[in-house]
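Hello,

Here is the structure I promised to pass on to you. Have a look at it first, and then read my notes below.

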Amino acid sequence: MKAKRPAICGVLAALALIFLAAACIAPSGRLGLAAAAGLFPAFAVVAGGLKYGFLCWAASGLLGVVLMPNKGIALLFLTVLGLYPVLKSPMEHIKRRWTEWLCKLAFFNVALTVLWLLFRGFLLLFLPHVLENGVLLYIAGNIVFVTYDIGLSRLLTFYAKQVQKGLHKR
């Protein structure tokens with residue numbers, strides 16, 4: 001089984017790149033496709049552990065920055081949408097629920113601040129004009145992030161129970 005883990009990680013990184021490429025060329029739904037690309041590093045965590053999740057994220061993120069025509073999508077994946085699903089697992093091992101959520105929200109708000117300060121030009125390409133105001137961006141962003149986290153948890157639970165179980169039968 002250990003020999004399969006790097007191969008699975010490579011396949012998952014390639015799938016993340018495919019979704020990033022689709023996000024670059026899609027006329028709409030770019031954020032959704034970029035968020036879907038973030039599922040693959042999370043699947044790598046389930047399939048092989050945290051190390052493989054980080055490898056999948058790093059490989060797909062760095063290749064995305066180099067290869068994708070839309071650097072904003074790749075940067076968003078590299079800073080938030082690909083990294084958070086990997087960090088989600090250790091955060092969810094925190095025993096106190098409020099501390100877990102504090103860590104998750106802190107990660108998101110720090111990442112959003114970095115994106116806002118360093119890559120505002122790229123970030124503004126994805127946002128409705130009403131969210132160009134920083135306060136509204138943080139309010140809406142945190143609401144979307146919490147919803148995303150809950151949905152991601154449900155998808156990962158399904159993956160761990162159904163898909164991984166099917167892979168181990170082979």
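Predicted model: local features only at pLDDT ≥ 70, side-chain atom pairs only at ≥ 80, totals over all residues.

The chain has 170 residues, and 42% of them are buried. Its secondary structure consists of 9 helices and 0 strands, so if you follow the chain from the N terminus you will read α-α-α-α-α-α-α-α-α. Among contacts with a separation of 6 or more, 67% link residues 24 or more positions apart.

One part of the surface to look at is a nonpolar patch of about 400 Å², made by Val110, Val114, Leu117 and Leu118.

Leu118 belongs to helix H7, which covers residues 97-118. With a relative accessible area of 61%, Leu118 counts as exposed, because the cut-off for that is over 50%.

Now stay in helix H7, where you will also find Glu100. Is Glu100 buried or exposed? Its relative accessible area is 4%, so Glu100 is buried; the limit for that is under 20%. The side chain of Glu100 makes a polar contact with the side chain of Lys104, at 2.9 Å. If you set aside the neighbours of Glu100 within four places in sequence, Glu100 is in contact with Met91, Glu92 and Ile94.

Helix H7 thus holds both Leu118, which is exposed, and Glu100, which is buried.

Enjoy exploring!

Best wishes

Conventions:
Residues numbered from 1 in each chain as written. Heavy atoms only, no water. Helix = DSSP H or I, 4+ residues; strand = E, 2+ residues; numbered from the N terminus. Buried < 20%, exposed > 50% of the residue type's maximum accessible area, 1.4 Å probe, protein only. Contact = heavy atoms within 4.5 Å. Patch = residues over 30% accessible without salt bridge, like charges linked within 9 Å, V, L, I, M, F, W, Y side chains within 5 Å. Areas by Shrake-Rupley, 256 points an atom, 1.4 Å probe, with all protein chains shown as cover. Salt bridge = Lys/Arg side-chain N within 4 Å of Asp/Glu carboxyl O. Polar contact = N/O pair within 3.5 Å; in protein donor to acceptor, adjacent residues only side chain to side chain.
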